[in-house]
Amino acid sequence: MEKAELARRLAEIIGSEYVSGDPDTLFIYSHDMTENEPSEPDLVVMPDSVEEVQSIVRLANEQRIPLTPFVAGANVGGLAIPREGGIVVDLKRMKRILEVNEDNMYVIIEPGVTFGHLRACLDNEHPRFRYAYPLSPPYTSVMCNALLDGLTNLSTKHGDMSEWINSLEVVLPTGEVVNIGAAAASKYWFGRAPLPDLAGLFISWQGTTGIVTKMAVQICPKYKYRKRMFVMAYDIDSFFAFVRRCAWTQLYDDIAGFSWPAAKMMVARRVKLTRDPDEPELGAYLDFSGDTKKEMEFKEAMVRDIIKELKDKGIELEPPLLVDDLVKINPDYLKLAEFPTTLDFLIDYGGGGFTWVGSYGPMSKSEEGTKKLFAVMEKYGFPPFLVTRPMKGAHYQVLRFIAPFDKSDQEQVKKVRELCREMAESLLDLGFIPYKAPPWAAELILKRADPNWVKLLKTIKNTLDPNRIMNPGKWGL
Amino acid sequence: MLDYEEAKTWFYRCLRCGTCKYIFGLYLPSCPAGEMFSFESYYSSGKLWIGRGLAEGKLSFADPSLLQKLYACTTCGSCQVQCSLPVGEHSVDIFEALRAEAVRQGYGPMPGQKHLLESIKNYDNPWVQPRQARERWARGLEIKDLSKEKARVLYYVGCTAELDPQLHQIARSTVEILQRAGVDFGWLGREEVCCGSVAMRLGDREDFRRLAENNIERFNELGVETIITSCAGCYKTITQDYPSVGKINAEVVHSSQFVQRLLQQKKLSFKKKVELTLTYHDPCHLGRHREVYDEPRQVLQSIKGINFVEMRRTRENSWCCGGGGGVRAGFPDFAQETAILRIKEAEEVGAEGVVSTCPFCFQNIAGGIAAANSPLKMIDLTEIVSRAIR
Amino acid sequence: MPEVIVEDVGALNLVALITRELINKNLQDPNKSKLIRHLNCTFVLKASRMTMTVIFKDGEVFLKNGAAPKPTVYIEAGLNDFLNIGVGGSYVTALITGRLKIRGIKLWKLLPILKLVRI
């Protein structure tokens, strides 16, 4: 179908003001902040309802036109770049919080609902509840984060955010709307058990199996007290010994670690950093909450006891620093304590490029992975920038190596591509698996994966999306 | 003020993290253009990325749809406040540099805005009015003509308050206040020329420079100590943009600041009660761009009887009236819808009237009130003050 | 307003970076900034393993990593105690309990220095 005719048909569905083929619009939707190759869509559309999404999908399926779902484009994996052109479906206008069910502790949201908006809604209208927030800009999509197995400040306790999904409403690539999870059989979107768990057909599939238009996610009680402490370690082994010990208590909401460049970027507001050999190499922040002061005192005392216990074993750690003290020096440090937060301290540098290789894997390989990857980063001239946390009660670990870079410098873009590839290979060697895998990383995973798993993946894809219209090029599909 | 080459150095400083789109903490929209047109390219970050596309030769000013993105921006500066990166501090300057380049290349501004620039060239005002029309509002008033006699203070009325009959009351009230306080002041009458704000915002740097040079020379010839403006746009332009052209040997203040000073000096006092529930709309040019937030509020709050209420988005987080940056001429529907959102916000807090300190905001919000059939009254701060001192 | 002069901010260790923030914050207060006019001295801080030196010279303040030899005032504390004192915790208590160690050749310079590194 000619582009003009396609635009006309789409305009009939959603109105011409929400269909754009403007060169500037296409340029913007063809890029993201990462090193991934840009690729231009033919058109961008902004539907406002499930019916409109359904009509767009039906038209695209009939005409075999690729569709790429988009909300904020901040997935740091090139996942919303339309690799094979076609239509970008920007779901930003669908930003309603449809239900906050306090009794059953879930909210039903549309794709455009951001962490900022959910936080404001809960704080203002449902103050007994909280959701979990990632270390990402405040205006990223709650739904995309959950569908892409993202993580948040409650992941140490509860795992990646797909585990918070109760139910989904999905527009399938052939245009049918289907309810998944409890929503399939109950008017309450309370969970995914005890039905066959079809949510897995859409989680981490990177939009290749349909467009999710509604999602119920769990919310949790907001406790009366909350505290954040920082504990610094002078080397990688001491750091993970501490993190592992704390994680095994399963007492803490969050135990997130960061390497020295992250800490110093925050304070120094510089990218070019060097480490004083006497400086801690890594730090951890521990969040804990409780309904009574006694509970809080116990959890705090436990951290101090762990530090002492490890000291007796020859592992040296700094006693805890309180975030409240840091905030007294500079109120900006509150950004370290309250999520969602603006990330100016992480992205405040020239060049406007930001990427990472994030991976989930065995906790037992954290030390080795960190040492190996730090060496890789240093080899390429990047500071060893790590964000890490134990996940789901210490059942696995996330290692996320971050590389800010100058996107206007093609040499540096090339270098960062090589760096990311080498980091992903190294992590896979150790048994870690990249998450939100960009197409090049997905290829690496598929090469090593069980061939029958790959075959099953393709069979499912072909069954759900016979015309292969959904976000082509992702997952090697 | 940035030139295009300087602006280019900022194009790669934005990741499109989206922080410019909403007010942090409140999580309410901050960008009128983004709210109206929705696509990424209308937001601040989108325009910065358009800059990338232009710098890389992938986009062109010759594309009318690109001009639409550059000009459908009220230059309200809310994105500047929300963005916490260094580039955020320069967003509006970058947008204006892009517009200036569009004009330099012969493409800008938008068709609906061109008559403003032509009028400035022909009449030294953007409202296609002859020069003598500037004197109409002052009929019956005795004001020193500074082209003939000396005074310590120049009242620089501004094109909009002088030439829109709906707004003559702003100028008349200001004169009443100054006279009541015994201020030695005068004006320029038909010899007043536009401050150049409209030319600057639309990207006509050449005409802006002509007007600025003319005004700076004239102001300095007058030998006044103080220049008072009624218009937030004039105030921003003279205090923020003129320094790159030349130095004015006088203090420049907005009327709201001057009134507050008169109150402090006890040269003015409020005798009459004004029993109204009022809210204050921060003009972007006075608030976000020049950080004048407190004085208008202090003046309002010192008038007996006024029940002062704040809107949800206020001070640096204020929602723009929708009229600035050439939007009212170029995109009237967008301007009106934006004003209506502001009006709803004022209604939500139970205000009977919206007070502002900018004739441009006055025009646009008043238009919105009429279009929305709202019971709200649009009032300039000087009108309330003049009521309270009588 | 005077500001702490640093050759390469990116090379400062965390304690030096925090000290820089504390001093800069205090220098915004005219009552505190006048203290540096005649405070010609060298101050060394060791917080846990990290050391840094502040040189007050002719109304200017210079800061760098490492310990200068023979400082006018030398302070040693744990990182957490340093931070706690920096934000207003009692240095007297820290001194009595041995968590803070002070030595030097002109100890009367200690009080103005503390005023500049505490908020």
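1. The model is predicted; local features need pLDDT of at least 70, side-chain atom pairs count only at pLDDT 80 or more, and totals for chains, interfaces and linings use all residues. Residues are numbered from 1 along each chain as its sequence is written, chains are lettered from A and ligands numbered from 1 in the order in which they are written, and side-chain values use heavy atoms, without hydrogens and water.

2. The largest nonpolar core has 162 residues. Such a core joins buried Ala, Val, Leu, Ile, Met, Phe, Trp, Tyr and Cys residues through side-chain atoms within 4.5 Å; buried means under 20% relative accessible area (1.4 Å probe, protein chains only). Ile384(B) and Val385(B) touch the most other members. Contact means heavy atoms within 4.5 Å.

3. A second, separate core holds 113 residues, including Phe354(A) and Phe43(C).

4. Chain A gives 44 residues to its contact with chain B, and chain B gives 35. The buried area is about 3,300 Å², that is, accessible area (1.4 Å probe) lost on being put together, summed over both parts. Carbon and sulfur atoms give 65% of it. Phe27(A), Ile28(A) and Tyr139(A) lose the most area on the chain A side, together 22% of what that side buries.

5. Between chain A and chain B there are 4 salt bridges (a side-chain nitrogen of Lys or Arg within 4 Å of a carboxyl oxygen of Asp or Glu). Asp24(A) pairs with Lys69(B) in a salt bridge, with the closest N and O atoms 3.1 Å apart.

Key. Buried means under 20% relative accessible area, exposed over 50%, partly exposed in between (1.4 Å probe, protein chains only). Buried area is the accessible area (1.4 Å probe) that two parts lose on being put together, summed over both.
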